[in-house]
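I opened a new page for this one and wanted to note what I looked up, entry by entry.

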Amino acid sequence: MSTDSWDYSLFWNEALEQLRKEISDQEFSMWFSGMKYDSAEERVIVVSVPSSFYRDQVKQRYLPLIEGKLHELAGSSFSLSFVVRKTESTPKKRTVEREETVERRVKARTPHRELRQEYTFDNFVIGENNSFAANAAMAISRNPGTGYNPCLIYGGVGLGKTHLIQSIGNSVHTEFDDLKIVYVTAESFTNEFIQSIREKRTHQFKNKYRYADVLLIDDIHFLQKKAETQEELFHTFNALYDANKQMVFTCDRPVSELRELTDRLRSRFERGLNVDLQPPSYETRYAILKKKIDAAGIVMPEEAVSLICSNVTTNVRDLEAALTKLIAYAELVNKNITVEITKQQLKDVFASPKQNNITIDLIQRQVADYFNLSANDLKGRRRTKVISLPRHLAMYIAREITEFSTTEVGLEFGGRDHTTVMHACQRIENRMRTDATLEPTIQHLIRSIKEQSTR
Ligand code: ADP
Ligand code: MG
C-alpha cells in the first residue's frame, strides 16, 4: 500500500498545538520543534528528527505523552515512528561554513589556552555508563547554543566530567573559528570574581564571561556557600541564556543535592539537559584500559589487563593511576609487565577499601538478618520502631562504608528521597551520643558486611 494514502498531518499539528499548552515553552522548543511530520501509514505517524540522539531522547521522555494525546484526539490508539533526517536542524550558515573550512580545519587551530588538548571525543571511550552524557556532549559541540542549553553533566569523581566538558570546548574550537569559548573551574571563577572586586575591575570580569559564545564551568558544587559569586553567575547565566549562547556545567552530584545553592540558580542549572556519568562496567573499564595501553605503546599480557579491570572498579582515574604505577615500575626496573609484577605492584591498590564491592543490597541483607527482618522490610513503607532503627542503621552504614550518594542510597531503600537518608544518618549520630551499645553494634555489622563482600 502506498504511504500516500494516509495523511494525518492536520491531526499531528493539532496534537502538537495542544501539547504546546501542556508543557513549558522551553521544553517545547527544545524537543518538539525539531520533530517534523514526515509520512504516515495506517495508524502510524512517521516524524523526522535531526539525530538519533534526539530520537532516543524524545522517545524516552515524551513517547507516551504524544501517543496518549493522539489517542485522545482520535479515540483509538496511534503509534509514532521516527526517521532521522540530518539536514534540517543544522543552521544553514554554519553548515556551509563548515564545508568551506575543511582545509582550515586540517591545518588545526592553535590550541585553546584554557583547554587540555588530550581531552577530545576521540580519546573518550563510550560505554553504557556514559553514552548518554557523551552523545549529548557531541551533539552540543556540533551545534552549540541551538539545542541542549544549558547542559549539566554530573557524576562522581574520576568518571570523565572534565574530560567531556573540555572535549566540547576543543571540538567547538576546531570546528567553529568564530566562536569564543571560555572554560573555567568554578573555583577559578570565584577567585577571579573576588579579585576583580578587590581591584575594582568587575566590568572586565563581566566582559570576559558575558561575551562568551560557549561558557564551560567545571565543578559547580564548589559554588556552595559563595553567595556573591552565585549572584554573579546568575546574572551571567541570564545574559547568555537570553542570547542563546551555549552553557555547559559539571557537578559532582545532582543539582538537587547541592545544599548551599540559591533556588534560583539551582533552577537555572536544572533547565535544559541534565545527564549523568556512572561508574564504568567491567567491559568499559577493559576498553578504556586497552586504549590507554595502546596509546602508551606498551605490551602487556591480557591476563594482567583483566586482573586490573576486575580489581579496580571505582572510576577511570583510579584505573589510569594503576596503569601509570605499573608502567613506571616496569620502566624503572627495565622489565616487561607480567601478571606477577601486576599483582605485586598493585596489591595495595587492589586491597584498598574503595575497591571492596560492597553493595547496598548486601548491607540491607546483613542488617536485616541481624535484626531478624527481611531486606524488604527495610525497603518498605512500614515505620514501626522495630523496623525504623534497623532501616536508619543500614542507611548510615551505607553512607559510612560506600561511595554511594544519599540519592543513590535513597533509591535503594524503596525510592526514598535523599533528605530522608540524611535525616536517618543524623538520627543515628545523635543516638550514638546517648546509647553506648550502638557504636559496637555498628562496628560488628560493618565487619560482617566486609567479610561477606570478599567471599
Ligand atoms: P572528573 O572530572 O569526573 O573527576 P576526569 O574527566 O578528570 O574526571 O577523568 C579522570 C581521568 O579519566 C582523565 O584522565 C580522563 O581522561 C579519564 N577518563 C574518564 N573517562 C574516560 C573515558 N570514558 N575514556 C577515556 N578516558 C577517560
Ligand atoms: Mg574534574
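This is a predicted model: local features need pLDDT of at least 70, side-chain atom pairs count only at pLDDT 80 or more; totals for chains, interfaces and linings use all residues.

Lys225 is not a glycine, yet its phi is positive, about 70 degrees.

Entry two, another loop. Which peptide bond is cis here? I noted the one from Asn149 to Pro150, with omega near -10 degrees. Pro150 sits in the loop between α6 (131–142) and β4 (151–155).

Two packed helices are described by the angle between their axes and the distance between the axes. I looked up both values for α10 (residues 227–242) and α11 (residues 263–270): an angle of about 40 degrees, and axes 10 Å apart. Angles from 65 to 115 degrees would count as roughly perpendicular and those under 35 as roughly parallel, so α10 and α11 are oblique to each other. As for handedness, α10 passes α11 in a left-handed crossing.

Next I wanted the residues. From α10, I wrote down Gln230, Glu231, Leu233, Phe234, His235, Phe237 and Asn238. On the α11 side, they meet Arg264, Leu265, Arg268 and Phe269. Sorted by class, this contact of α10 with α11 has 5 nonpolar, 3 polar and 3 charged residues.

I looked at α19 (residues 385–401) and α22 (residues 438–453), whose axes come within 11 Å and cross at roughly 60 degrees. The crossing of α19 and α22 is right-handed. Leu393, Tyr396, Ile397 and Ile401 are what α19 brings to the contact. I found them meeting Leu438, Ile442, Leu445, Ile446, Ile449 and Lys450 of α22. How do the residues in the contact of α19 with α22 divide by class? My tally reads 9 nonpolar, no polar and 1 charged.

Which residues come nearest to ligand 1? There are 18 residues around the ligand, and Val125, Gly158, Thr162, His163 and Glu320 come nearest. I then checked some atom pairs. A polar side-chain atom of His163 is 2.6 Å from an oxygen atom of ligand 1. For Gly158, a backbone N or O atom lies 2.8 Å from a ligand 1 oxygen atom. Gly160 also places a backbone N or O atom 3.1 Å from an oxygen atom of ligand 1.

Definitions and conventions:
Residues are numbered from 1 along each chain as its sequence is written. Chains are lettered from A and ligands numbered from 1 in the order in which they are written. Side-chain values use heavy atoms; hydrogens and water are left out. Axes are lines fitted to C-alpha atoms, for helices over the stretch in contact, and angles run from 0 to 180 degrees between N-to-C directions. Helices (H or I, at least four residues) and strands (E, at least two) are DSSP runs, numbered from the N terminus. Angles under 35 degrees count as roughly parallel, over 145 as roughly antiparallel, 65 to 115 as roughly perpendicular and the rest as oblique. A crossing is left-handed if the near helix is turned anticlockwise from the far one by less than a right angle, and right-handed if clockwise. Contact means heavy atoms within 4.5 Å. Ala, Val, Leu, Ile, Met, Phe, Trp, Tyr, Cys and Pro count as nonpolar, Asp, Glu, Lys and Arg as charged, and the others, Gly among them, as polar. A residue is near a molecule or strand if one of its heavy atoms lies within 4 Å of it. A polar contact is a pair of N or O atoms within 3.5 Å; within protein, one must be able to donate a hydrogen and the other to accept it, and residues adjacent in sequence count only if both atoms are side-chain atoms.
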